[in-house]
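Notebook open, structure loaded. I want to jot down what I look up as I go.

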Amino acid sequence: MKNIILDTDWGGDCDDVVAARLLANSHLNGEINFIGCIIDDCRPYSVRSLDAFLLLSGIDIPIGMDFNAKDFNDDGAYQKRMVDNLKSKYAQESDADDAVKAYRKLLAAAKEKVEIVAIGFTQVLADLLESPADEISPLSGVELVKEKVAHLWDMGGRWDGVNPREYNFVAHARAISGAHRMCANWPTPITFLGWEIGDPVHTGGSLPEEDPLRKALIDYKCEGGRSSWDPMTALLAIIGDPEAAGYRAIRGYASAEEGTGCCAFVEDANGPHRYVIKLHPDAWYEEQINTRLPLIVH
Ligand SMILES: [Ca+2]
């Protein structure tokens with residue numbers, strides 16, 4: 001069974017919460033082995049709220065935090081309520097490992113290949129590649145990724161040619177640098193799910209109000225459901241095959257321009273990257289996700 005690590009800007013939007021539940025339920029259903037989370041956006045309650053949400057959803061895994069990523073300072077509208085009402089194993093944010101260290105620990109310990117679902121900024125992935133050998137592993141970051149990672153699934157970029165500036169690639173200098181280095185240096189195949197795919201697909205709005213996932217949507221003022229950039233990327237990774245997940249994939253070389261993060265794609269049948277195009281109406285994807293969201297435990 002494939003190991004999955006989630007890399008999220010938890011707090012930046014509420015579709016990350018939908019994606020986290022999707023992965024938790026897929027783990028509990030025996031489809032994946034959900035082994036850890038990395039947070040790439042450091043807010044006041046990020047570690048404790050993500051951990052509490054996962055524990056409530058039946059998942060107890062380590063969380064790593066990019067403590068430098070203080071580009072925003074609010075609680076994302078839903079983190080404080082989670083910390084106030086749900087239990088976390090972390091007493092304080094600083095109890096979490098640094099993000100690159102957490103990646104190195106998770107990858108070094110993995111007995112089988114790992115796939116990464118990246119639904120936020122990508123500076124930690126880029127920093128991981130540049131990390132040296134240490135007491136955790138004799139391998140450098142790029143060697144560790146080559147040995148242990150099979151695939152990177154990234155919610156990033158926009159690939160329909162309308163606008164090359166997509167939030168996860170351009171939000172701030174850290175995001176721009178991460179996107180540029182990740183596209184240029186990541187050594188495994190990458191599948192991108194672009195902004196245009198998830199925007200019109202809305203999920204999570206049919207859950208009961210007592211579910212903390214629905215509460216997060218309400219706190220984020222998306223009571224009726226949120227655009228599904230992140231859960232669509234997570235479900236694509238869970239299923240693993242774009243065609244089986246309802247997409248056509250275009251192969252080639254993706255890039256994010258240094259200094260701007262503007263994305264571009266050159267088609268090439270032998271390229272290491274691909275982006276996906278929907279094969280079904282939006283309602284089809286909404287149903288695929290919504291049926292997988294109800295809380296399994298409690
Ligand atoms: Ca996100």
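How much space lies in the largest pocket? I get about 190 Å³. For the record, a pocket here is an open set of points on a 1 Å grid over the protein atoms alone, with protein on both sides within 12 Å along at least five of seven lines, while a cavity is a set of points where a 1.4 Å probe fits but cannot get out; lining residues have an atom within 4 Å of a point. Grid points are joined across faces, edges and corners, and a volume is the space filled by probe spheres set on the points.

Ground rules before I go on. This is a predicted model, where local features need pLDDT of at least 70, side-chain atom pairs count only at pLDDT 80 or more, and totals for chains, interfaces and linings use all residues. Residues are numbered from 1 along each chain as its sequence is written, and side-chain values use heavy atoms, with hydrogens and water left out.

I find 15 residues lining the largest pocket, and Asp13, Asp15, Tyr167, Asn168 and Trp229 are the closest to its centre. H1, helix H7 (167-170) and H11 each put at least two residues into that lining. Helices (H or I, at least four residues) and strands (E, at least two) are DSSP runs, numbered from the N terminus.

**Cavity.** I searched the whole structure and got 1 cavity of 30 Å³ or more. The largest cavity has a volume of about 50 Å³. Its lining includes Met232, Tyr247, Trp284 and Ile289. Helix H11 (229-239) and helix H12 (282-290) each supply at least two lining residues, and H12 gives the most, with 4 residues.

**Calcium.** I looked up what holds the calcium ion: Asp9 (OD), Asp16 (OD), Asp16 (OD), Ile119 (O) and Asp230 (OD) coordinate it at 2.3 to 2.6 Å. Donors are N, O and S atoms within 2.8 Å of the metal (3.2 Å for Na, K and Ca); water is not among the atoms, so sites may look incomplete. Along the chain the donor spacing reads D-x6-D-x102-I-x110-D. Aspartate 16 sits in helix H1 (residues 15-28) and isoleucine 119 in strand E5 (residues 114-119), so this pair ties together parts 103 residues apart in sequence. Both aspartate 16 and isoleucine 119 are buried; buried means under 20% relative accessible area, exposed over 50%, partly exposed in between (1.4 Å probe, protein chains only).

**Cores.** The largest nonpolar core has 54 residues, and Trp10, Phe34 and Tyr247 touch the most other members. Apart from it I see another core of 36 residues, including Tyr103 and Phe169. A nonpolar core is a set of buried Ala, Val, Leu, Ile, Met, Phe, Trp, Tyr and Cys residues joined through side-chain atoms within 4.5 Å.

**Two buried polar residues.** Arginine 181 is in helix H8 (residues 173-185) and counts as buried because its relative accessibility is 17%. Its side chain makes a 3.0 Å polar contact with that of aspartate 127. A polar contact is a pair of N or O atoms within 3.5 Å; within protein, one must be able to donate a hydrogen and the other to accept it, and residues adjacent in sequence count only if both atoms are side-chain atoms. Serine 227, in strand E9 (residues 226-227), is buried at 4% relative accessible area. A polar atom of the serine 227 side chain lies 2.6 Å from the backbone oxygen of aspartate 199.

Lysine 221 has a positive phi of about 65° although it is not a glycine. Lysine 221 is exposed, at 75% relative accessibility.
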